[in-house]
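Subject: Handover of a structure

Dear colleague,

Please find the structure below, together with its sequence.

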Amino acid sequence: MDSDNNIVPALKKWWLLFANELFPVNNYKYNFWRDKKGELMVKLKERFFRFMYGRYGADQLSRFMLVLYFIIAIVGMIVQNTLVDIILWILNMILLVLMFFRMFSKNIYKRQYENGKYLGIKNKITEYFRYIGNKWKFRKTHVYRKCPSCNSKLKLPRKKGKHGVKCPKCSNFFSVKIWFLMNL
Ligand SMILES: [Zn+2]
C-alpha cells in the first residue's frame with residue numbers, strides 16, 4: 001500500500017533531477033549532482049559518503065572478487081559456446097551481487113571474518129607455490145622433508161645416505177634417507 005503511494009512522488013523527483021541535468025534551471029532543490037556553487041559531483045560524493053557511513057567498504061576479498069570478475073568476463077569473451085557463456089554470466093552476476101552486498105554490509109565483524117578466511121587461504125596457496133619454487137631452486141643442494149612430529153617443512157642439505165636430523169622447531173629427532181644426488 002505504502003509503496004504505491006510513494007512511487008509517484010519518487011518518479012516525479014527523479015524526473016526533476018534528470019530534467020534539471022538536461023535543462024539546468026538554477027533550482028538547488030532539484031539539483032542532485034551539484035552543490036550550491038554548481039560544482040558537479042560534490043553533492044553526489046557527499047551523498048555517497050553519507051550512504052557508506054557505518055558500512056564495511058572494500059577489502060582484499062572484494063578486490064579479489066573484482067579481479068575474478070574481469071578474468072571470467074575475458075574468458076567469456078574468448079569462449080564461443082552459448083551454454084558456457086550463460087554459466088559464466090550467471091557466475092559473474094552472483095559474484096557482483098556478493099561483492100556489493102559485502103561492501104554495503106553493516107555487519108562489519110562478519111565481513112572481517114570472511115576476509116580473514118580469504119587471506120588465510122591465499123597465504124596457504126602462496127606459501128605452497130613458494131615451497132615448490134624453492135624445491136626446484138635448491139634441488140641440487142638441498143632436500144625438503146617434513147618433521148614427523150610437528151609437520152613443519154625442513155630444508156636439509158642433500159647428502160646421499162641416512163642422516164639423523166633434529167627439528168629446530170620441536171627438537172624432535174628423526175632419521176632421513178636421501179637416495180640420490182641431483183645433477184640436473
Ligand atoms: Zn618438528
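In the strand pairing, Tyr144 stands opposite Lys155 of strand S2. Strands here are DSSP runs of E with at least two residues, helices are runs of H or I with at least four, and both are numbered from the N terminus. Please note that this is a predicted model, in which local features need pLDDT of at least 70 and side-chain atom pairs count only at pLDDT 80 or more, while totals for chains, interfaces and linings use all residues. Residues are numbered from 1 along each chain as its sequence is written.

The hairpin

Strand S1 (residues 142-146) pairs with strand S2 (residues 153-157) in the antiparallel sense through five bridges; strands count as paired if DSSP finds at least two bridges between them. Six residues lie between the strands of this hairpin, and Asn151 has a positive phi near 65°.

Arg145 belongs to S1. Leaving aside residues up to four places away in sequence, Arg145 touches Leu154, Leu156 and Val176, where contact requires C-beta atoms, placed from the backbone, within 7 Å. Between Arg145 and Lys155 the C-alpha to C-alpha separation is 6.7 Å, and they are 10 residues apart in sequence.

The helices

Helix H2 (residues 42-52) lies largely in the open, because the number of buried residues among its 11 is zero. Gly54, with a positive phi near 80°, follows H2.

Helix H3 (residues 60-78) packs against helix H4 (residues 82-103) at about 165°, with the axes 10 Å apart. Axes are lines fitted to C-alpha atoms, for helices over the stretch in contact, and angles run from 0 to 180 degrees between N-to-C directions. H3 and H4 are therefore roughly antiparallel, a term for angles over 145 degrees. The residues of their contact comprise 15 nonpolar, three polar and two charged. Here Ala, Val, Leu, Ile, Met, Phe, Trp, Tyr, Cys and Pro count as nonpolar, Asp, Glu, Lys and Arg as charged, and the others, Gly among them, as polar.

H3 also meets helix H5 (residues 108-137): their axes come within 8 Å and cross at roughly 65°. Gln60, Leu61 and Phe64 of H3 make this contact with Glu114, Asn115, Tyr118 and Leu119 of H5. Four of these residues are nonpolar, two polar and one charged.

Yours sincerely

Conventions:
Buried ≥ 20, exposed ≤ 12 C-beta atoms within 10 Å, placed from the backbone. Contact = placed C-beta atoms within 7 Å. Parallel < 35°, antiparallel > 145°, perpendicular 65-115°, else oblique.
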